[in-house]
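Please keep the viewer open as you read.

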Amino acid sequence: MRQFFGMSNRGDLSEAVRNLDSPQFIMLLSNNAQFEEHVKALEKLYPGIPSIGCIGMSYDTKVVENGVGIIAFSGGVSATANVLEQVSVMPVKYIDRLEADIRKINGSKQDTVCIDFCSGNDACVLTTLYTSLRSRGIQLVGGTGDGGKVSANGKVYEDSVAYALVRNQNGRVKTYKENIYHQMGNYRFIASNTDRANYIIGSLNGNPAKQVYQSILHVTDQQILTQTFKNPFGKLNGDDTCIVSIKEVNGNSLACFRQVNDSDVLVLLELGDYRAIVDKTIADICRDFPKRSAVFSVNCLFRYKLFTEQRYMATYLQEMAKLGSHAGLVGYGEHYNSQFVNQSMTCVVFE
């Protein structure tokens, strides 16, 4: 298979799709002002080609912050795209669409991946999607777009998740998740006074959550919003630790990008040697896939901000380019199989 990446910092779709011939699957990553226009125009240019899209930044060796990016697969893939609606209420209502697409693509764990773009309520959406995907062992990678909108096959949807099932006809696929954080000290907290609907942590070990975070890290209310780049919380989930990013201060509480429930066990995380961790991810992929056709990844917005602040983003993309054709989305949340994660990188590698 082949992966195509085209872009226009000006938001010129015709520039972004220049030299794109005979695509078998397309992803559109656009800006808020032009998203709906681009969705319609893309369908006219490539009618009937399975596609999904969202509002967000894209990249290959450079980042497109406010234009348009196109990622397309061709030369040896089969794909189908669709959408589950009403994700804030009952996404399972539309699960028959996914079940039908799974039968249509006839994929397996070895050669098929689900790529999704979601408008919100990600944890519930992933649970719903993965209930169907698990029976075939199909892996998933995706992310959250901006603006509460996604697209599938030339139509724009709100309160929905757009997904595509992509089967590699020439080899294997495998998903990866990269975590650049580790536990800080022996801090361990029991969450309480949570607001699940608004992702708010009220108390940690019985004390106001904001004050607990500030007393450990000695930061002001305003500094909390950037300190989370280096010190997010971690939610223990079996042997795994899911990163919980802080979104904003809400009185004496902390609003997060991931749901935390009463009695959840949290730890405090700190930034590790991200350069070494990235090098290890690349080495792991090269070991597993000596020959690679493409890598599609989703990087968290907070990772993008951190790497930019550290003047590492350009270097990071150059390092990932050593894998071959690498392109992706800067998301507001990352999806890895059944997990909704923050401040991470997830990717799928095609043999």
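How does Lys 174 count by its relative accessibility: buried, partly exposed or exposed? At 33% relative accessibility, Lys 174 counts as partly exposed; buried means under 20% relative accessible area, exposed over 50%, and partly exposed in between, with a 1.4 Å probe and protein chains only.

Before going further, a word on the source. This is a predicted model, in which local features need pLDDT of at least 70 and side-chain atom pairs count only at pLDDT 80 or more, while totals for chains, interfaces and linings use all residues. Residues are numbered from 1 along each chain as its sequence is written, and side-chain values use heavy atoms, leaving out hydrogens and water.

**Charged pairs**

Side chains of opposite charge can pair when their charged atoms come close. A search of the whole structure finds 15 salt bridges, each being a side-chain nitrogen of Lys or Arg within 4 Å of a carboxyl oxygen of Asp or Glu.

| Pair | Closest N to O distance |
|---|---|
| Arg 172 and Glu 351 | 3.2 Å |
| Lys 174 and Asp 288 | 3.1 Å |

Lys 174 sits in strand S13 and its partner Asp 288 in helix H7 (residues 274-288), so this bridge links parts of the chain 114 residues apart; helices (H or I, at least four residues) and strands (E, at least two) are DSSP runs numbered from the N terminus. Asp 288 counts as buried, at 18% relative accessibility. Both residues also belong to a network of salt bridges that includes Lys 280, Asp 284 and Arg 287.

Because Arg 167 lies in strand S12 (residues 160-168) and Asp 111 in the loop between H3 and strand S8 (112-118), the pair ties together parts that are 56 residues apart in sequence. Arg 167 is partly exposed, with a relative accessible area of 25%, whereas Asp 111 is buried at 13%.

**Empty spaces**

Rolling a probe the size of a water molecule over the atoms shows where empty space is left. On a 1 Å grid over the protein atoms alone, a cavity is a set of points where a 1.4 Å probe fits but cannot get out, and a pocket is an open set with protein on both sides within 12 Å along at least five of seven lines; lining residues have an atom within 4 Å of a point.

The largest pocket has a volume of about 380 Å³, where a volume is the space filled by probe spheres set on the points, joined across faces, edges and corners. Its lining has 19 residues, and Asn 198, Tyr 199, Lys 247, Cys 256 and Phe 257 lie nearest the centre. Strand S20 (246-250) and strand S21 (253-256) each supply at least two lining residues, with S20 giving the most, 3 residues.

There are also 2 cavities of 30 Å³ or more. The largest cavity, of about 60 Å³, has Phe 257, Cys 300 and Tyr 332 among its lining residues. The second largest cavity has a volume of about 50 Å³, and helix H2 (residues 35-45) provides the largest share of its lining, 3 residues.

**An exposed loop**

Gly 238 lies in the loop between strand S18 (233-237) and strand S19 (240-244). At 69% relative accessibility, Gly 238 counts as exposed.
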